[in-house]
Amino acid sequence: MTKWVYSFGDGKADGAAELRNLLGGKGANLAEMSNLGLPVPSGFTMSTEVCTAYYDNDRNYPEDLRAQVDAAIEQIESSVGGKFGDKDSPLLVSVRSGARASMPGMMDTVLNLGLNDETVEGLAEQSGDRRFAFDSYRRFIQMYSDVVLEVEHYHFEELLEILKEENGYQLDTDLTAADWENLVGQFKAKVEEELGRPFPQEVQDQLWGAVSAVFGSWMNQRAITYRKLHEIPAAWGTAVNIQAMVFGNMGDDSATGVAFTRDPSTGAKYFYGEYLVNAQGEDVVAGIRTPQNLTKQARLDAGSDALSMEEVFPGVFSELVDVYKKLEAHYRDMQDIEFTVQQGKLWMLQTRSGKRTAGAALQIAIDMVDENLITKEEAIQRIEPSSLDQLLHPTLDPDAVKEIVARGLPASPGAASGQIVFNSEDAEKLAGEGVDVILVRVETSPEDIHGMYAAKGILTSRGGMTSHAAVVARGMGRACVSGAGTLNIDYKEGTLSVLGETFKKGDIITIDGGTGEVMKGAVGMILPELSGTFNTLMGWADEVRRMKVRANAETPLDAETARKFGAEGIGLCRTEHMFFDADRIVAVRQMILAETLEDRENALAKLLPVQRADFVELFKIMAGLPVTVRLLDPPLHEFLPKSDEEIDDLAKALGADPKKLRHRALQLHEFNPMLGHRGCRLGISYPEIYEMQARAILEAAAIVTKELGETVIPEIMIPLVATKRELEILKGKIAAVAKAIEADTGASADYLIGTMIELPRAALQAGQIAEEAEFFSFGTNDLTQTTYGISRDDSGAFLDDYVDQGIYETDPFVSLDQEGVGELVKIAVERGKATRPDIKLGICGEHGGDPSSIDFCERVGLEYVSCSPYRVPIARLAAAQATLGMERVSEA
């Protein structure tokens, strides 16, 4: 018989932390905390295998599941002394999701399950607090109706607000027992009005309705979006955790809270979090009430009058401190914990590795090495390479003039300027059009996940440092200011009012997630200085990694940025990008439109000095590091003017007939230019173009070698080669240029000639091509296009459909297709090395900055990866992790 259910509590558990894939993160950690002897309410976990079976069998459960669940409930009843559905001593439970990867707020939760018209009376009698009992019942109706019955949340909020307004109440805590009892009646009536049937009273129906809702939420839109953003496979499924309820809303000796064992924004080593007296867990994270600080020091730093937990519950707080220290030492990582205090007793509801900013992740990893909790190698592997992107974005210029209109909580560091939008749909739409936006909400909810991802920053008027907006923004690396209470946000009117000033949709504001400031208009920004912890971790990564990391760069600014980020050379200099400058585009067009060799050579003579000057600058910046220069690649028509007006202007500049220019442009037109007259095919048809470029490269190398006293050995790359003969012909042309330079100057030129492997035929014929090529650089952008037969520029219209339906695991232009395109790379590596054992091998497509693709490059034995300058740190860290991964494989 398959075991579907795993119990925990009372200092023991069926599972443990290492069963994370089976029990999900929450279930595994509840089991682990039970095994550690921590106070965990009794419960059980339905494994992720139940989720798989549920979806495999058209949303039907395994036949023997119910019997195992009934037995597990009896175990809880025995532990807590209540009985599920009993009117005198009712057992109430929570039903929560728990995937193996943390997905905060993405799936559904139901609390206080087991309450009905009879058991609520038993709870009132048992607790001696009728107000608490009916408060719990109304919460259950509201949550269950929203999550399970799909009666929207606002119906109940509206009824609550009307009751408060009629009675002159400000806070939920002002309501009496009679008020809550009255509201329960209104809530049930609303459910029946919306559904045409009463709210379910049978506790078993409630339980299985909630379980099905949680399993169902694995496939809700917000969970699907989150998984896509964080590359979590749908096949993993979620577990469901059912646990005896403990109550933080039983009066002033009860509380609930969320805490981090270190600051998740900065990584500073101090206990960080929030709590609420007389509340349940969702009150803290949902921003319904403004939480209070855990520690006295945090309260003083915040200038708050609301007493901290340390001051209100000193004994329980001391116990909580002991627990968090034990958990952090046990897991050897910063923990995000949830707890409840019920009538003075501490209960632990969850622990997990806490979401953190990239800056905090670096600080925590380095501190833990210093504390001997983890090794340097473990620290390297703790940091998600892509998260370093957060550190490379602008922050506010301290000297910039700023007009502060409001202050909130500094929920997620970084700064952002953009147009105000009030909903996620507008955020996504405008961001797709290239507009920077700030998503402004009273509070965010999981349904806002797509808008938060699209926005440059998030601003809310409600919510604390552990609210949904704060947690999700930190995980995404978005700047966020939460709980800016002076803001008046009116969705209906589309306005944001503060201090007598009104902002509309489209108005520009700036937020600083590091200070909590909200500013009018755009404020100047500066790039971050990468030092301290960043440099320490990068130093450790550089000691470990085998592969070199180069950058794709063709301008001095790109090259300098790449060097600042630690690039060890240029892996791709796209010479065509140099041709678009205003001071040379006319000469380029003259060269393209020339009808005779003489005219073409005259135009190229004008380009030679500017190309040479370009390469001199690059070689100087790289100071002897390798520079791979790709000769002209795109079709010539890309450089030509498109409109009649532009053609007339060009004709005037060249003293030519506009009609002739139009005719020549028509001759160069191609129906499928990406597979047309481009790359080495241009060099075959117009060898003088490549000869000019080769001369510019080699002369520049000679100049810089003489100036710096350090030999510059350029790597000249011929693109789009499909046959050995193409390379042989063009290599001969370049060699002739080199000999001519030597004859003129008396100095011999050192250089390498290689090719870009970007066609399937080139990969298959790599053994022959390597007879001429001294290096291969895999151009995986075009190799992916030509392998799949898909245009990267046009595939956006359908690639999402392919990923959503599981045809492709990921977008193959974002992460290398290791089975198909990767197989071609492997073949080319093997055949190239068989011909020329010392051949230099690298990758220069966009995949050179993708951590998964970098791991593949390590496994097939490439010598370097090349990526955009801002992804160089990501590639350095990913390369180190790939090396460590290979070492683990060899040890095994």
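**Entry 1. The model.** I am working with a predicted model. I keep that in mind for every value below.

**Entry 2. Salt bridges overall.** How many salt bridges does a search of the whole structure find? I got 47. I then picked out pairs to look at one by one.

**Entry 3. Arg407 and Glu517.** I looked up this pair and found a salt bridge between the side chains, at 3.5 Å from N to O. Arg407 belongs to strand 15 (residues 403–407) and Glu517 to strand 25 (residues 517–520), so the bridge ties together parts 110 residues apart in sequence. Glu517 is buried, with a relative accessible area of 9%.

**Entry 4. Arg574 and Glu554.** I found a salt bridge here too, with the closest N and O atoms 3.1 Å apart. This pair links distant parts of the chain, 20 residues apart. Arg574 is in strand 28 (residues 570–574). Glu554 is in the loop between strand 27 (548–552) and helix 20 (556–564). I checked burial again. Arg574 counts as buried at 18% relative accessibility, and Glu554 is buried at 7%. The cut-off for buried is under 20%, so Arg574 at 18% falls within it.

**Entry 5. Glu699 and Arg695.** I noted a salt bridge with the closest N and O atoms 3.0 Å apart. Both residues lie in helix 26 (residues 687–708). They are 4 residues apart, so about one helical turn separates them. Glu699 counts as buried at 18% relative accessibility. Arg695 counts as partly exposed at 22%.

**Entry 6. A network.** Which residues are linked in a network of salt bridges? I listed Asp542, Arg545, Lys548, Glu568 and Arg876.

**Entry 7. A negative patch.** I turned to the surface. Glu231, Glu384, Glu809 and Glu819 form a negative patch there. I followed up one member. Glu231 sits in the loop between helix 9 (221–230) and strand 8 (238–244). Glu231 is exposed, at a relative accessible area of 55%.

**Entry 8. Ser145.** Ser145 lies in helix 5 (residues 130–147). Where does the side chain of Ser145 reach? I traced it to the backbone oxygen of Ile141, at 2.6 Å. Ser145 is buried, with a relative accessible area of 0%.

Note on methods:
Residues numbered from 1 in each chain as written. Predicted model: local features only at pLDDT ≥ 70, side-chain atom pairs only at ≥ 80, totals over all residues. Heavy atoms only, no water. Patch = residues over 30% accessible without salt bridge, like charges linked within 9 Å, V, L, I, M, F, W, Y side chains within 5 Å. Areas by Shrake-Rupley, 256 points an atom, 1.4 Å probe, with all protein chains shown as cover. Salt bridge = Lys/Arg side-chain N within 4 Å of Asp/Glu carboxyl O. Lys, Arg positive; Asp, Glu negative; His and termini not counted. Charge placed at Lys NZ, Arg CZ, Asp CG, Glu CD. Helix = DSSP H or I, 4+ residues; strand = E, 2+ residues; numbered from the N terminus. Buried < 20%, exposed > 50% of the residue type's maximum accessible area, 1.4 Å probe, protein only. Polar contact = N/O pair within 3.5 Å; in protein donor to acceptor, adjacent residues only side chain to side chain.
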